[in-house]
Amino acid sequence: MYFNWQTLPLQPLASLDKASAEVVIVGAGPVGLATALGLAREGVRTVVLEARDTISKGSRALAMSRRSMQILDQLGVGARVLEKSLTWSAGWTFYGRQEVHSMNIASPPHEKHGQTNLQQCWMEQLLLDELLASGLSDVRYQHTVTQIEASDEGVRLSVSTPEGACTLDAAYLVAADGPRGLTRRCMGIDYQGTSYSQRFVINDILCKEPLPEGRRLFFSPPYLPGKTVLMHKAPFDMWRLDFQLMDDQDAETEMQPEQVHARIRAHFELMGIEPNYELVLTSVYKANAVSLPTYNTGRVLFAGDAAHQVPIFGGRGVNHGYEDAHNLAWKLARVVKGVSDPQLLDSYTQERRGALLATLAELTRTTIFITTPSPGIALVREAILSLSLSENFLGNLFDPYATPPHDCTDSPLNTADAGGDFGPACRPGALVPDAVVGAAGERLYDRFGPRFTLVAFTDAARFATLPLQVLGFEADSTVGRLFDARPGSCYLVRPDNRVAARWREATPEQVDEALNIALCAARTEELQ
């Protein structure tokens, strides 16, 4: 078995020092734990409530992007994730029995990470271990939230446990309780968007066949005409097989062992390998492309699947969740500490919902092509795939993993360029690139911390009185070339690695003003 699931000990809320918290997080999945760890990085204590009595079972949120790995590095778990994970860059698409497309999404040479696969159970365990080691979070399993009452002053939660009911007060509540969570229902908010009726039966299997790492996408395999199968390799000899059901098939029937094994054996026969495997887990999935209209309402904030649901095609779901956590943690921490006005949290919705809607718009074509939600679309797809046997023009349909991160160019936290002949690199709202900056392989992202950073290609001492860290580089260095810098250029970088402002020549007063804008503060009073 690739993971040893154990019932986690019950720690009642009564054992807390007090029945209140600065921040309560509902949900101990990857996004809830990452949010708590991000807040711990900022020195903010949390209480995490989870209804389950153990770590999540199965591969679930398996694929992580380069951006997610950068975030996990900064949360302190990236190295341990890499020790257990599998990295990949190749992918193959088949129509019937024939390969019709291949992809290679290798990372740029200056970047550390690429596509990374690790089962969700392991991700939760690694995040939980790091969070508990921080000493800044109380994590309570077997604690089910039954009621939420929010006001202008705070949030009160009613909680059910095996030892009885209790209440917990919080200054702020982060809902990371998934698509069926209670929080959004208590707040009277519902998803908007599209739900697709097509279903997939997902199977985690153990198999030692030495197949190359990568994603395999099968359109209309002989044993499942007109439908789609996805295949991903994971660590610990695990493979994940997602089989699309025929429209008239009953999901419960198709999850029965005899049906599951028949499909797996047929797939192994198609690939020309012996069906030597062990079935670990079976579940059903339906694609949803939905989002809440807002991710913050008063003192309640939503993250991960509680805020949005993204089709799995392209591995975006948990990756959006990690970006939610990284975006939210530094903002919420500064509001809790009184550094920033609560309106800073409005930018969380604008930036993260904007990124989510851009992803949904981009994935709509891929999702429709894979799921074929109508007979007409199915006919069009078959015609396109037939042409693909002789024409190589389908890359933009089959490479959803290769999309660059979203730039928050319309964020209210940005300071517009004041002159200067800037190019598109490192514009306000964009993520800064990573690069090796030290002789021992130290990277630029390793030097970023929970504070704002000024990346200066000028005399850094001029900015020593400002409440931020300053990193100085030469304009002709690798970092300078990636930033499109010139002597005198400066870039103000937020704690979540996005550019807040840039200048060809900057004064301390200009940087101070941009810092105030990015903090939604009347003054630059970063707490030490």
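# Questions on a predicted chain

Me: What share of the 528 residues in the chain is buried?
Reply: This is a predicted model: local features need pLDDT of at least 70, side-chain atom pairs count only at pLDDT 80 or more, and totals for chains, interfaces and linings use all residues. Residues are numbered from 1 along each chain as its sequence is written, and side-chain values use heavy atoms, with hydrogens and water left out. Buried means under 20% relative accessible area, exposed means over 50%, and partly exposed lies in between (1.4 Å probe, protein chains only). Of the 528 residues in the chain, the buried share is 55%.

Me: How many helices and strands does the chain have?
Reply: Both are DSSP runs, numbered from the N terminus: helices are H or I with at least four residues, strands are E with at least two. The count for the chain is 14 helices and 23 strands.

Me: Why is the chain said to be as compact as a globular protein of its length?
Reply: The radius of gyration is taken over C-alpha atoms, and the globule rule is 2.2 Å times the number of residues to the power 0.38. For 528 residues the rule gives 24 Å. The chain counts as that compact because its own radius of gyration is close to this, at 24 Å.

Me: What percentage of contacts between residues at least 6 apart in sequence join residues at least 24 apart?
Reply: A contact means heavy atoms within 4.5 Å. Take the contacts in the chain between residues at least 6 apart in sequence. The part that joins residues at least 24 apart is 71%.

Me: How many disulfides does the whole structure hold?
Reply: A disulfide is a covalent bond between the sulfur atoms of two cysteines. Here the test is a pair of cysteine sulfur atoms within 2.5 Å. The search finds zero.

Me: Which cysteine has the sulfur nearest to that of cysteine 186?
Reply: Cysteine 186 is partly exposed, at 27% relative accessibility. It is in no disulfide. The nearest cysteine sulfur is 16 Å away and belongs to cysteine 166.

Me: Is cysteine 490 buried or exposed?
Reply: Cysteine 490 is in no disulfide, and the nearest cysteine sulfur, that of cysteine 426, is 13 Å away. The relative accessible area of cysteine 490 is 0%, so this residue is buried.

Me: How far apart in space are methionine 238 and tyrosine 172?
Reply: Methionine 238 is in strand 15, residues 238-244. It is buried, with a relative accessible area of 0%. In sequence, methionine 238 and tyrosine 172 are 66 residues apart. C-alpha to C-alpha, their distance in space is 39 Å.

Me: Which residues of helix 2 are buried?
Reply: Helix 2 spans residues 66-74. Seven of its nine residues are buried, so the helix is largely enclosed by the rest of the structure. They are Arg67, Ser68, Met69, Gln70, Ile71, Leu72 and Gln74.

Me: What is the phi of serine 220?
Reply: Most residues other than glycine have a negative phi. Serine 220 lies in the loop between strand 13 (215-219) and strand 14 (228-234). It is buried, at 14% relative accessible area. Its phi is positive, near 50 degrees.

Me: Where does asparagine 497 lie?
Reply: Asparagine 497 has a positive phi near 75 degrees, and it is not a glycine. At 0% relative accessibility, asparagine 497 is buried. Its place is the loop between strand 22 (490-493) and strand 23 (499-503).
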